[in-house]
Amino acid sequence: MKKIVLYSDKKDCCGCGACMNACPQSAIKMCEDEHGFVYPVIVDDLCIGCGACEKACVYQNSPDVHPPLHAYAAAARDNGVITKSASGGAFAVIADKVLSGGGVVYGCALVFEDSHLEPRHIRIDSVEDIPMLQGSKYVQSEIGGTYKKAKQDLTEGKSVLFTGTPCQIAGLKQYLKKEYDKLLTVEIICHGVPGKRLFQEFLEYYGEKLGGKITAFYFRDKSKGQGMVSRCVYQDPAGSKKESIKNGNLLAYIFFFLKSYTYRINCYSCPFARPERVADITLGDYWGFHEEYPQYHESQGLSNGRGISCVLVNSEKGKQMWDTCQDQLISMPSEFEKIARHNDQLRKPSKYDQKRETILHIFDTEGYAGVERFFKAHFKKDIAKQTLASMVPKDLKRRVKKLIGRLYQWKRS
Ligand SMILES: Cc1cc2nc3c(=O)[nH]c(=O)nc-3n(C[C@H](O)[C@H](O)[C@H](O)COP(=O)(O)OP(=O)(O)OC[C@H]3O[C@@H](n4cnc5c(N)ncnc54)[C@H](O)[C@@H]3O)c2cc1C
Ligand code: SF4
Ligand code: SF4
Ligand code: SF4
């Protein structure tokens, strides 16, 4: 029987699960390694050597990529939609169109199950469920059997919107092997993902500090404006529901995520961190909007104070959907160059730093509490800076950014 090798180096596996979905024998299990990152493992007794898993692997086959056709800055017209979204809410608007037309949507949710928040892909078929998928979850989402389910939906003639990281979209396409007219894909710009175990142990630790069990977590809460402010809902021992809001940069998990210290090893050589895109539509944060457009006034509709999505439309199918969404969006044409200036991951992968190994080793040996101790002992300056930054009014920060934008424009002209 042919020897099946799914990967020989961890740099060549993103954990997308396409191989597992493709296996006709259910012979592939996704198992955690010593740091809690998932990798496929073949159960030899079940394997018949058919090779379907290798054919579905994005790292063993070159995925189709396309240069973006159009670029936009956009935000939902409905403020309520923006508030629940990480940036401008473009995802929710597209999802609404697909679901209102009788289609189904796949994306990442944090599902509270068996006392844990599980980051996983789910399927929704009703607009009421869109909030479950809204907002960024900065952790790897488990694909489970969603590629198979999406194929079944497509075979039954349903319209499917599948969303996720670029490697998850590439995994879906490689698994499907053929184009489906009724499939629309949306990817987020992605700089990398930590594993589920680190995330769950962080929540366990944080919950203990708060004196309860965390049942919901929002990485970017906007109740006090745009920024990396985290909100969690927890239940105290008496069973009462409580909330806590904190500058995410003061939590080791989020600080190290933003510093790119805790990703899967393959993320540091991500083949999708490039201008050419896998999905029909790419969404990201338009962080530098007010620097690129210093003359634009927030009263015109778009404001980084609430969140602006940067949007790349990469196919005709994507353009058709984008045009259909215009009634629910404030959108203006932009340029790839302007967006990419503030988004390195449209050109190159996140930079590897040796601190990754230090942090993951501490996590393995001392648990998440050790990671927090390391953070507090070695990042005192950053913690002080973040504590001070939390005190500066958001409006002042934005005005400074606009001024910097004007200076940039003056320098470039
Ligand atoms: C791990 C990660 C890294 C990111 N890195 C960048 C970056 O470097 N630059 C940038 O501009 N933007 C990045 N983003 C995207 C950004 O945070 C917003 O998600 C994006 O701008 C879409 O915003 P929105 O307001 O349209 O929709 P939102 O409602 O905020 O986003 C919801 C969409 O994100 C998907 N999603 C959320 N979490 C995950 C996850 N863990 N895995 C897969 N899909 C997920 C959902 O399926 C849904 O499609 C990242 C997001 C994640 C999850
Ligand atoms: S070779 Fe076939 S049976 Fe074996 S693990 Fe791969 S897909 Fe499954
Ligand atoms: S299909 Fe995905 S999970 Fe399977 S080996 Fe390839 S990259 Fe890894
Ligand atoms: S950085 Fe690349 S490989 Fe890593 S999760 Fe994002 S898209 Fe996948």
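1. In this predicted model, Leu198, Glu201, Phe202 and Tyr205 of α8 are in contact with Phe363, Gly367, Tyr368, Ala369 and Glu372 of α13, where contact means that the C-beta atoms, placed from the backbone, lie within 7 Å. By class, the contact of α8 with α13 comprises six nonpolar, one polar and two charged residues; here Ala, Val, Leu, Ile, Met, Phe, Trp, Tyr, Cys and Pro count as nonpolar, Asp, Glu, Lys and Arg as charged, and the others, Gly among them, as polar. Helices (H or I, at least four residues) and strands (E, at least two) are DSSP runs, numbered from the N terminus.

2. As to the geometry of this pair, α8 (residues 196-210) and α13 (residues 355-378) pack at an angle of about 50°, with their axes 9 Å apart. The axes are lines fitted to C-alpha atoms, for helices over the stretch in contact, and angles run from 0 to 180 degrees between N-to-C directions. The two helices α8 and α13 are therefore oblique to each other, given that angles under 35 degrees count as roughly parallel, over 145 as roughly antiparallel, 65 to 115 as roughly perpendicular and the rest as oblique. The crossing of α8 with α13 is right-handed; a crossing is called left-handed if the near helix is turned anticlockwise from the far one by less than a right angle, and right-handed if clockwise.

3. On numbering and confidence, residues are counted from 1 along each chain as its sequence is written, while chains are lettered from A and ligands numbered from 1 in the order in which they are written. Local features need pLDDT of at least 70 and side-chain atom pairs count only at pLDDT 80 or more, whereas totals for chains, interfaces and linings use all residues.

4. Strands β8, β9 and β10 form, in that order, an open sheet of three strands with antiparallel pairing, two strands being paired if DSSP finds at least two bridges between them. Both β8 and β10 stand at the edges with a single partner strand each, so one side of each is left without a neighbour in the sheet. Neighbouring strands of this sheet are turned by 25° against each other on average, direction ignored. Helix α8 packs on the sheet and touches β8, β9 and β10, its direction making about 115° with that of β8.

5. Within that sheet, β8 (residues 213-218) and β9 (residues 229-235) are joined by five bridges, and Ala216 stands opposite Val233 in β9. Seven bridges link β9 to β10 (residues 241-247), again in the antiparallel sense, with Cys232 opposite Ser244 and Arg231 opposite Ile245. The hairpin of β9 and β10 has five residues between the strands, and Gly239 there takes a positive phi near 90°.

6. A second open sheet has eight strands in the order β5-β4-β6-β7-β11-β12-β3-β13, with mixed pairing. Its edges are β5 (116-124) and β13 (329-333), each with a single partner strand, so one side of each is left without a neighbour in the sheet. Neighbouring strands are turned by 30° against each other on average, direction ignored. Between β4 and β5, which run antiparallel, there are nine bridges, and Tyr106 has Arg123 in β5 as its bridge partner.

7. Helix α6 (residues 146-155) lies across β4, β5, β6 and β7, running at about 160° to β6. The axes of α6 and α7 (residues 166-176) come within 10 Å and cross at roughly 55°, and α6 and α7 are therefore oblique to each other. Their crossing is right-handed, and the contact is made by Tyr147, Ala150 and Lys151 of α6 with Gly171, Leu172, Tyr175 and Leu176 of α7.

8. Which residues come nearest to ligand 1? Of the 34 residues around ligand 1, these are Ser85, Ala86, Gly107, Thr163 and Gly284, a residue being near if its C-beta atom, placed from the backbone, lies within 6 Å. The elements giving two or more residues to this shell are α4 (90-100), β4 (104-113), β6 (160-164), β7 (183-188) and β11 (281-285). The shell around ligand 1 has 15 nonpolar, 17 polar and two charged residues.

9. For ligand 2, the closest of the 14 surrounding residues are Cys23, Cys47, Cys50, Ala52 and Cys53, and the shell has eleven nonpolar, three polar and no charged residues. Around ligand 3 there are 15 residues, of which Leu6, Cys13, Cys16, Cys19 and Cys57 come nearest; this shell divides into twelve nonpolar, three polar and no charged.

Note on methods: Contact = placed C-beta atoms within 7 Å.
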